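Please open the structure in your viewer and keep the selection tool at hand, as this tour goes from one selection to the next.

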Amino acid sequence: MEDLLYQFMNNFAFLILSAIGLAVIFGMMKIINLAHGEFIMLGAYIATLATKAGIPLLLSILLSVVGVGIFGLIVDRLIISRLYGRTLDSVVVTWGVSLVMQQGILILFGPSLETLSTPLGSISIGGSDYSLYRILLFVTAIVLLILLYLLFTKTTFGLHSRAAMQNAEIARSMGVNTNRIYSFTFSIGAALAGLTGALYAPTMAVSPTFGGGFLMPSFVTVIVGGANPLIGPSLSGGVLGVVSTGLDATWGTFFGRLGLLVVAILVIRIMPLGFSGLVEKLSVRKSRG
Amino acid sequence: MLVKLNTENIVAVLIFLFFFVYPVLVDAYSVMNLAYFLSMVFLSLSLSLIWGYCGIFSFGQAVFFGISGYFYAVFTLNSGITTLTPLGLILGVLIGGVIAWILGYFMFYGGVNDVFVGLITLCLTLVLETFMGQTAGDQWMIGQVNLGGFNGINSIPSLQIGSFILTGNSFYYFVLLILLAVFIFLKWFEFSKLGIAVVAIRENRERTKLLGYNVPFIQSLVFAMGGALASLSGIFYVLWGNYITPSAFGLASATIPVVLVAAGGRKNVTAALLFTVLYYWFSQTLSASGSEYALIILGLVLIVAILFVPNGLIASLFHAGDQLFFREHSKSLLRKKGAKTL
């Protein structure tokens, strides 16, 4: 039982952390960021290189959050800001960005970096060992969701960004600078991707294709979750976490991955707007009494 | 069909003339290279048809590419009779079309549209790649053929018509003739009765429905046609190299047609054709030259293309050519299409 719970925490953290940056950008701006995996990769590189240079891990993680956030802001100002509202064009452009980033990193740093060792060691519960770091990742994922919830519901920025998400035109006519909100949102999404990369850098091999492993789970989580950048990932992360943990345990990791994709296809077929759409429909029905 | 004298049609005629004389000008190796590029053009054309004409955005053309490629391999290797290979080609294309129709039926009759079609098809691509990637081992045999996991299937027989085996130049001309037929069909289709309804769906789905067209039916039909074209591409790819691996329809391969069609000009089949051939030629020349900057240049070209010429690089060049050489004609065309283009 503890094993299953640990696996679930592991899967849930991975799904949430890989999807959250993508979800914020897609939900708020309707931009599909195919360079999401490369943003994560960049975060892993910054964290690894900084740690190698003697900076403590916690500080290197912060450094990569800030670094990738700034990088995201530059990409937004140069490229994405010209594409607001053009969802499909954003696919092509961000794919171009991912090509440039992946190859650029390969040229600069070669095919792989020396991997950091996973910190914190492990604890033993009921006879089996569990990595403390991975449990911490689960806690981080939860804390991140709470922080984002506070950001989007309790701050002026959150209010403005939700207004821009619901109806950009009306938000603009009320004096909200939607372009600045979008820039900031993209930068936050990038910073979150950087955080994910930095957090997972000590647990797997860091190479220019580091982001590839995150792309599929992140897209599936966002698809199943729908447009809402908070309700979406938390619900779909939970459901998909249960599905993949169950399938992993019974039939192995391959069927776990396959199960994720099948669930995603079923969910789009039954409710094209994902869990966010479902929650919205329920709350509308409730308020109508 | 009325063939108009404009830059696009002149370029199309010139391209095909060039393709026909190409084997005379160069060695056998370059001809086979071009045969590969032309095989990949079908994949771009399939997306051009469903996305450019009908407005269905799909990441899943590589799925049909892969399914038909594997089907052809399993069918021909199991039958062992080389004269049955044309049947494998025809069945493979039909199966690709039928699977696309079934998928389209579920999506379009279920009201799934726009970006969600892209997301579903993206998932399917990933499912297929993940699935085929783990088919190494003896339990994954179809008849006598091992699916082979990441290594895929090797030594797949070439196409044989009667006792004539299509390899080298004859394979090249076979692909070229079919490409010409498909190309003429697509040009005709755009202005056929059904084609106009298809374009109407792209421009405004709701309005087309209210005018009495069965929108999901037409969408499924066009999606099936796209699936058949992508299947053709997959089988030609198999015939060209006599092998297929799951990476041929992985995420990267699934994205390339989208990028090519978008950057070339998605509403224009000539642009898709020309840009696909140029892309493969360019990327092969760059990677053959050993330059590590090839992918960076490619990425930058795509970014710049979408930012500054959103209607597509080649399509915009055609438009500029029309303005320059056929000024009056293009003006009247513009006036006719005014509402659409502006």
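Where in chain B is B:Asn242 found? Bear in mind as you look that this is a predicted model. Select B:Asn242 and you will find this residue in the loop between helix H9 (215-241) and helix H10 (251-264) of chain B. The phi angle of B:Asn242 is near 60°, which is a positive value in a residue other than glycine. B:Asn242 counts as partly exposed, because it has 14 C-beta neighbours inside 10 Å, while a buried residue would need 20 or more.

Next, move to chain A and select A:Lys30, which is placed in the loop between helix H1 (2-29) and helix H2 (36-52). The phi of A:Lys30 is also near 60°, a positive value in a residue other than glycine, and with 17 other C-beta atoms within 10 Å this lysine is partly exposed.

Stay in chain A and select residues 178-200, which form helix H8. The 23 residues of this helix should span 33 Å at 1.5 Å a residue, and the end C-alpha atoms are 33 Å apart, in agreement with that expectation. Of these 23 residues, 18 are buried, so H8(A) is largely enclosed by the rest of the structure.

Finally, display both chains and look at where they meet: 32 residues of chain B are in contact with 29 residues of chain A. On the chain B side, the elements that give two or more residues are helix H5 (115-133), H10 and helix H12 (294-308). Select H5(B) to see the element that gives the most to this side, with eleven residues. Coloured by residue type, the side of chain B that touches chain A divides into 26 nonpolar, five polar and one charged.

Note on methods:
Residues are numbered from 1 along each chain as its sequence is written. Chains are lettered from A and ligands numbered from 1 in the order in which they are written. This is a predicted model: local features need pLDDT of at least 70, side-chain atom pairs count only at pLDDT 80 or more; totals for chains, interfaces and linings use all residues. Helices (H or I, at least four residues) and strands (E, at least two) are DSSP runs, numbered from the N terminus. A residue is buried if 20 or more other C-beta atoms lie within 10 Å of its own, exposed if 12 or fewer, and partly exposed in between; C-beta atoms are placed from the backbone. The expected span of a helix is 1.5 Å times one less than its number of residues. Two residues are in contact if their C-beta atoms, placed from the backbone, lie within 7 Å. Ala, Val, Leu, Ile, Met, Phe, Trp, Tyr, Cys and Pro count as nonpolar, Asp, Glu, Lys and Arg as charged, and the others, Gly among them, as polar.
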